[in-house]
Amino acid sequence: MDEKILKIRKHLKKKLDPYRYEHTLGVALTCQALAMRYGFDLEKAELAGLLHDCAKRFDGRVMLEKCERHGIVVSEGERRDPSLLHAKLGAWYAKEKYGVTDVEILSAIACHTTGKPGMTLLDKILYVADYIEPRRNKADNLTEMRRLAFLDLDLACLKIMEHILSYLESRDCSIDAMTVAACVDMRRIVKEGADCRLEAKKEEMTDESTGKRNGKNCRRRSGGEKRRGYKGY
Ligand code: DGI
Ligand code: FE
Ligand code: FE
């Protein structure tokens with residue numbers, strides 16, 4: 001295993017409480033699994049997972065102070081609930097203390113709690129992995145999300161965002177504007193994807209009924225007709 005990963009693991013084991021450390025390993029592994037499924041760099045996915053909660057060891061007041069000291073912009077929602085800041089502060093630690101310079105990894109860590117509009121593949125991988133990792137056991141839609149995550153990442157992202165928002169609303173929690181904006185954007189992306197698939201299906205059905213393929217007329221083979229092989233034999 002990569003020396004850098006081992007060093008980070010060792011450090012996190014010392015700094016995080018045992019539950020958070022186990023969660024961290026679960027998220028890193030799930031990030032790798034999703035990266036395999038969706039064709040993303042495995043090492044980057046693992047690093048994002050390992051470091052995503054590295055700032056979780058501080059309480060809200062301390063995080064607020066640290067963010068102000070390091071010039072990290074704090075939103076109104078984060079000021080109301082500073083626990084959200086572990087994402088942005090985590091990205092700062094990943095860069096300044098763990099030497100991560102990759103902007104994709106830093107972005108994924110910074111938005112892993114609220115999401116954001118225009119999420120990249122790694123942003124979505126980490127966001128979903130954080131929710132479905134094997135040691136999570138509280139949310140009532142985990143079984144469904146674990147399955148969906150490997151079938152349709154955008155839809156899994158949207159369903160998780162909607163579930164979290166309705167949970168926060170039901171508990172009268174303060175909601176950060178970014179959490180809402182991320183969900184609105186993901187709903188648009190999922191709808192566009194569905195519209196696109198419907199259009200393609202309609203075209204396919206029209207082509208089948210008129211015997212057209214790829215914009216060209218083509219005579220459909222009947223079952224008994226022999227296929228001509230390579231070189232026409
Ligand atoms: O750090 P973790 O516990 O692994 O998970 P997380 O980073 O997703 O953050 C934990 C919680 O943050 C999660 O239960 C959902 C919540 N959250 C997400 N957006 C908002 C929010 N909480 C508040 N108060 N406001 C939000 O906008
Ligand atoms: Fe987190
Ligand atoms: Fe987490």
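User: Where does ligand 1 sit?
Analyst: Ligand 1 sits in the largest pocket. A pocket, on a 1 Å grid over the protein atoms alone, is an open set of points where a 1.4 Å probe fits, with protein on both sides within 12 Å along at least five of seven lines. "Sits in" means more than half of the ligand's atoms lie within 2 Å of the pocket's grid points.
User: Is this a predicted model or what?
Analyst: This is a predicted model: local features need pLDDT of at least 70, side-chain atom pairs count only at pLDDT 80 or more, and totals for chains, interfaces and linings use all residues. Residues are numbered from 1 along each chain as its sequence is written, chains are lettered from A and ligands numbered from 1 in the order in which they are written, and side-chain values use heavy atoms, leaving out hydrogens and water.
User: How many residues surround ligand 1?
Analyst: 17 residues do, with a heavy atom within 4 Å of the ligand. K56, T113, R136, D176 and T179 are the closest.
User: Which polar side-chain atom lies 2.7 Å from a ligand oxygen?
Analyst: One from T179. For R20, a polar side-chain atom is 3.1 Å from an oxygen atom of ligand 1. Both are polar contacts (N or O pairs within 3.5 Å).
User: New topic: where is R57?
Analyst: R57 is in the loop between α3 (42–51) and α4 (60–69), where helices are DSSP runs (H or I, at least four residues) numbered from the N terminus.

Notes: A polar contact is a pair of N or O atoms within 3.5 Å; within protein, one must be able to donate a hydrogen and the other to accept it, and residues adjacent in sequence count only if both atoms are side-chain atoms. On a 1 Å grid over the protein atoms alone, a cavity is a set of points where a 1.4 Å probe fits but cannot get out, and a pocket is an open set with protein on both sides within 12 Å along at least five of seven lines; lining residues have an atom within 4 Å of a point. Helices (H or I, at least four residues) and strands (E, at least two) are DSSP runs, numbered from the N terminus.
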